[in-house]
Amino acid sequence: MGSQPRRVTIVDVAQHAQVSTTAVSKVLRNAYGTSPTMRAKVQKAIADLGYRPYAAARGLRGQTYTIGVLLPDLRNPFFPEILDGLTESLRDTDYQVLLGPSYCNGEQAEAKVTEAMIDRGMDGMILIAPISPRSHLEHIARTVPTVVIGRHGHSTAYDSVTDDDLTGAALVVNHLADLGHRRIAHIEHHETDPTRLAEMPNAIRAEGYRQALRARGLADQIDIVSTTYTQEGGYLGTQQLLSRPHRPTAIFAGADIVAIGVLQALTEAGLSVPDDLSLAGYDNTTFAALGPISLTSVDQAGHHIGTSAARLLLDRIADRTRPTAQIKLSPTL
């Protein structure tokens, strides 16, 4: 058995290019004072040897050129749309995105992922729909430039990008009421922490649903089932709704992933959309437009959320002292 191949170092590159290691370092850092000839020699040596800069070593000198993204659930088809916007915005930069899934396993799992990202020297972090207390989010943001997606409320520590969830929920309810529905039910994600109620999109969508029904004179028809923003949550929530003495004629699922579970439960019960029940989701993910599904959904422009977050983060990395910014995007049906 031969020994493991040795990693190519900056010393190898310098010897191959017949220049000093300082010159190689300057070229790698894009530093001032390297001639085009020197740059070409070093870049050829890097290509010949297949040299890769060691990120951890770069981190010791200041920057790792990595951005950590916290993902609550890989199965939710809305989150890849945010990632598309993020990666597109960072394509022409030196930054790489590294994902840290927390799998909806609560605050401890989320803290473990975010702390691991800090320990690995991320230059910035984007947290998608985090459930950690605001105090923890602000602790993260004081340690590393941070943008939070999907948490309402103003913070002086981190920048944020949100959707106008109150308006989005009203768009759905008014659409269904305009179709003639009165018994419009809502499947929400159960909020376990009362201190988060004013900040979480799920809680605000549910409040938007209540306000919109009241505005239509349908306060007595408010019917909310609390499960989770998952396919299983939609499935279980629909089973509860179908067991009502007067079952709803329309269901507003708090997220498109929930609507998949709704469709599953309706199909099992021998019911179809829209003949037996109307169904609306939230996120306008790609599957909502599939022919057999053709789901009415609120477009909260995931791609645009991603590009906005990337822009805010790059600005924050460049200037830690600037005032924080809050971007609120307007949804469409």
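Counting a salt bridge as a side-chain nitrogen of Lys or Arg within 4 Å of a carboxyl oxygen of Asp or Glu, this predicted model has 13 salt bridges. Local features need pLDDT of at least 70 and side-chain atom pairs pLDDT 80 or more, while totals for chains, interfaces and linings use all residues. Residues are numbered from 1 along each chain as its sequence is written, and side-chain values use heavy atoms, leaving out hydrogens and water.

| Pair | Closest N to O distance |
|---|---|
| R316 and D159 | 2.9 Å |
| R214 and E207 | 4.0 Å |

Let's start with D159, in strand 5 (residues 159-163), whose partner R316 sits in helix 12 (residues 302-318), 157 residues apart. Helices (H or I, at least four residues) and strands (E, at least two) are DSSP runs, numbered from the N terminus. D159 has a relative accessible area of 0% and is buried; R316, at 4%, is buried too. Buried means under 20% relative accessible area, exposed over 50%, and partly exposed in between (1.4 Å probe, protein chains only). R322, in the loop between helix 12 and strand 10 (326-329), lies 163 residues from D159 in the chain, and both R322 and D159 are buried.

What about R214 and E207? R214 is partly exposed at 44%, and E207 is partly exposed at 28%. Elsewhere, a network of salt bridges links R134, E138, R151 and E199.
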